[in-house]
Amino acid sequence: REWRPAIRRECTDPLWLLLFLLFWAGLVFITGYAVMAGAAERLVLGYDSFGNICGRKNTPVKGAPLSGRDMTNKKYVFFLNSCSLEMQSLKISSVSLCVSSCPQEQLNSLEDLQSFARNNGSCLCVYSLNISSYTLSPKADELCPTLPVPPSKSFPLFNRCVPQNPECYSKYASVLISMVNEMDGFHRILSGILAGRDTVIGLSCLALAFSFILVLAFRFIRTLLVHTLIALVVFGLLFGSGVLWWLYYDYRNDPSTELETEKENVKFLLGYAIFSTIVTVVLLSLLFVLRKRLQFTVQLFRIVGKIIGRIPFLLFQPLWTFLILIVFWVFWVAVLLSLGTAGTAQTTSGGQVEYRTLSGVSYMAWYHFVGLIWTSEFILACQQMTIAGAVVTCYFNRNKNSPPPHPVLSSVSVLFCYHLGTAVKGSFLITILRIPRIVLLYLYNILKQKESGCAKCLFKCCFCWFWCQESGLRYFNQHAYTATAINGTNFCTSAKDAVFILAKNSTKLVSISCFGDFILFLGKVFVVCFTVFGGLMAFNYHRELQAWVVPLLLVGFFSYLMSHSFLSVFEVTADAMFLCFAVDMETNDGSAEKPYFVDQELL
């Protein structure tokens, strides 16, 4: 095959691009359904028995005359029978109201209720009863709270008025604990995400700052900087593992651990601690074995730095990728939260409202989750093809003193005009390998309760096998993207050509490429370690009723994707340069008829 940047290109893998567009049509349908039928505020803000969400304006519900009220100044949920709550089918059998403030003192009579409403502007009786009628209406006993009303305090915990009387508090807490424990994990996770959304956003910005600092550091890398990075990674691994084990010990020995979410935190912390310890041992062993090749790594990144110096706008490419990923993640989480609360409002006797989840929402959630993986991988694949295209354009340029103008913009235009289908296909293959791992994880959690040792070992082996396949596929995907940038061929043809050319030069290039990728991987570990450590410290102060291990897992996932998005500039540049060099050596001999494209300054 003639390995040269194609002068005439044509669209590659168009059917895969059409499939991706059809898949996104399904995501748009789910988004529309979630927006129309969902109300994520119900998870945290709370709502009364008449369909009004506390702390916001509401729209009327047909058949519920007390719905559609403006509750902007009424942020707390108050139960009329707070001392005698019962739970039936995940519903608290007591009328609930939205109030502006909770009673700080015990109210013993209807006159006290009337005086409290006039002085504080907080009505503790059903909305249909006027304040002046508290002591006159014969239905006041039904429409007002059970007397005496115990003093309560408005906790920022699901925005409930929690009674302070010891006897009432114990009954209230037991019912609330039972309700949270019987909630399905999907809704507990959504509640944890909503409660910790500010922390997740802040930690994502911290990961962005760490990633940007590392990009600048690798651009001007020196021996001392490599030693500093390795020292920080070692410190982060040891310190992070120690903190995880300490938090696990602290949670396990906490006598107040009653909620199912807190028990889940303990189990996840144990898993995090074991995983972190294993990763620490493996990376420290690799660092010890490869310590003598440190100086060679510095030379490798100096060469890559020279190439990036010729295309300085490559350093800004991860910023655009990061912004696109952030917009997509925010969109994805917003749709997920709305989807988790999607349901129809149905009126019951007395004009009360119940929200009933429709069947099929769980299938939509799985479809939406596949969309997260596939779209995220597609965005990263587009960045890889953009960088590879820019490197190929500059490498196969005869006049090194006059580089091609705007190689990044040229690469982006070629990608969008011809090769989006190739990026879709490569990202789809990664997604296909991830889905079986998710299914295996679900089955593993089911069989784990049966304590089948053989099944556990089998599942762990399958996890390792799929992970190795995914890692190998990512490596070949990158070279396939580079081959597509050179020849303009489809994904399968480019992958085959790249494998053949790399197989002939494996002894020269594999060790160089793998060790450089290992150092870049340490940089990603550095970002994840310190971001997750910040998340541990932040979430540890919000234990109550939060499944914060899931937001912490999201933080780790997002921080890894951010660091990968930024540091992949050097990784993709090095891999593209190696493939271009192998093609150059294969198709040219250095003679006047077939001179090398390689710049002697880079050797």
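Author: First a term: buried means under 20% relative accessible area, exposed over 50%, and partly exposed in between (1.4 Å probe, protein chains only). This is a predicted model, where local features need pLDDT of at least 70, side-chain atom pairs count only at pLDDT 80 or more, and totals for chains, interfaces and linings use all residues. Residues are numbered from 1 along each chain as its sequence is written, and side-chain values use heavy atoms, with hydrogens and water left out.

Reader: Thanks! How many disulfides does the structure hold?
Author: Three, taking a disulfide as a pair of cysteine sulfur atoms within 2.5 Å.

Reader: What about Cys102, which cysteine is joined to it?
Author: Cys161, with S to S at 1.8 Å. Cys102 lies in the loop between β4 and α3 (110–120) and Cys161 in strand β6 (residues 161–163), so the pair ties together parts 59 residues apart in sequence. Helices (H or I, at least four residues) and strands (E, at least two) are DSSP runs, numbered from the N terminus.

Reader: Are those two cysteines buried or exposed?
Author: Cys102 is buried, and Cys161 is too.

Reader: And Cys125 with Cys144, what's the handedness there?
Author: That disulfide is right-handed, because the torsion about the S-S bond is about 110 degrees. By contrast, the link of Cys102 and Cys161 is left-handed, with -75 degrees.

Reader: Switching topic: is Cys394 buried or exposed?
Author: Cys394 is buried, with a relative accessible area of 13%. Cys468 counts as partly exposed, at 40% relative accessibility.
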